[in-house]
Amino acid sequence: MRVRLDKYLADMGVGTRSQVKKEIRNGNVTVNDCIAGSPEMKVNTASDRVICQGKPVAYKRYEYYMMNKPAGVVSATRDSREKTVLDLIREERRSDLFPAGRLDKDTEGLLLITNDGETAHRLLSPKRHVDKVYFVRVRGCVTEADAAYFREGADIGDKNPTLPADLQIKTSGEISEVILTIREGRFHQVKRMFQSVGKDVIYLKRLQMGTLILDESLKPGEYRNLTEEEVNRLCSQEKKQ
Ligand code: URA
């Protein structure tokens, strides 16, 4: 693939587009041992050797991070007022990353952050009905009748009821704890499903999305690269569905 040198460097997290342009103009970037002439020059991502301020910058087409999203940050790339999930990524951060799907500000748990638009689209497409598994703490006593209602499809005030969802009750009482598997990603879906049976969600954490399972060793706010196996499963399984 051939890309502009400034995009190459910005995508690899060397700096913003204007910062890397400055580096190039200051003669701090070489391509195959020759000082790069301009930010517009095209480089071959597979074969050209790019060095910025003495540090080799290898091109990686796709990046995949698993984050345990903490409460209090928004699932957006940029926000003028709120801290975003991308603000939590500390190391050199490529410019084309985005969170694949949204969790509410107060929701915790599994979030995929990537620059692979095609895979993200497949994972999130409403047509594919990829399973999303949540741990939910609810105020009120969750019953088997609620589970049956969710299995049939809940009326959450949209044109159509939800698709059948699976509810496993872990504990029920004044506060109940459940595992809910849904196959869509409607706005505030889990909270609205419980509201439809007269209960409020007081804590919500996503545990799984398709083949991707939250690594419980990640504390809220922590993230890691997906393993090769996770990437292969994510890309191949989501293609098959
Ligand atoms: N359902 C919700 O209500 N909130 C989320 O963040 C995710 C699913």
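1. A hairpin of three residues connects strand E11 to strand E12. The structure discussed here is a predicted model, and the points below take this part of the fold as their starting place.

2. Strand E12 spans residues 175–182, and six of its eight residues are buried, so the strand is mostly covered given that buried means under 20% relative accessible area.

3. Strand E12 pairs with strand E10, which comprises residues 132–139; the two run antiparallel and share eight bridges. Strand E11, residues 166–171, is likewise antiparallel to E12, and five bridges join them.

4. Which residue of E12 is the bridge partner of Val136? That residue is Val178. Val178 is also the bridge partner of Ile169. A reader tracing the strands may therefore use Val178 as a reference point, since pairing requires at least two bridges between strands.

5. Leu167 belongs to strand E11. Is Leu167 buried or exposed? Its relative accessibility is 8%, and because the limit for a buried residue is under 20%, Leu167 counts as buried.

6. The contacts of Leu167, leaving aside residues up to four places away in sequence, include Val178, Ile179 and Leu180. Val142, Asp146, Ala147, Phe150 and Phe194 are also touched by Leu167.

7. Thr119 is placed in helix H3, which covers residues 117–124. With a relative accessibility of 3%, Thr119 falls under the 20% limit and therefore counts as buried. Apart from residues up to four places away in sequence, Thr119 touches Tyr64, Leu234 and Cys235.

8. The model also holds a ligand. Which residues are around the ligand? They are Leu103, Asp104, Thr107, Tyr134, His188, Gln189, Val190, Lys191 and Leu204.

9. A polar side-chain atom of Thr107 is 2.8 Å from a ligand oxygen. For His188, a backbone N or O atom lies 3.3 Å from an oxygen atom of the ligand. For Lys191, a polar backbone atom is 3.1 Å from a ligand oxygen. Taken alone, the ligand exposes 240 Å², of which the protein buries 95%.

Technical notes:
Residues numbered from 1 in each chain as written. Predicted model: local features only at pLDDT ≥ 70, side-chain atom pairs only at ≥ 80, totals over all residues. Heavy atoms only, no water. Buried < 20%, exposed > 50% of the residue type's maximum accessible area, 1.4 Å probe, protein only. Helix = DSSP H or I, 4+ residues; strand = E, 2+ residues; numbered from the N terminus. Contact = heavy atoms within 4.5 Å. Near = heavy atom within 4 Å. Polar contact = N/O pair within 3.5 Å; in protein donor to acceptor, adjacent residues only side chain to side chain. Areas by Shrake-Rupley, 256 points an atom, 1.4 Å probe, with all protein chains shown as cover.
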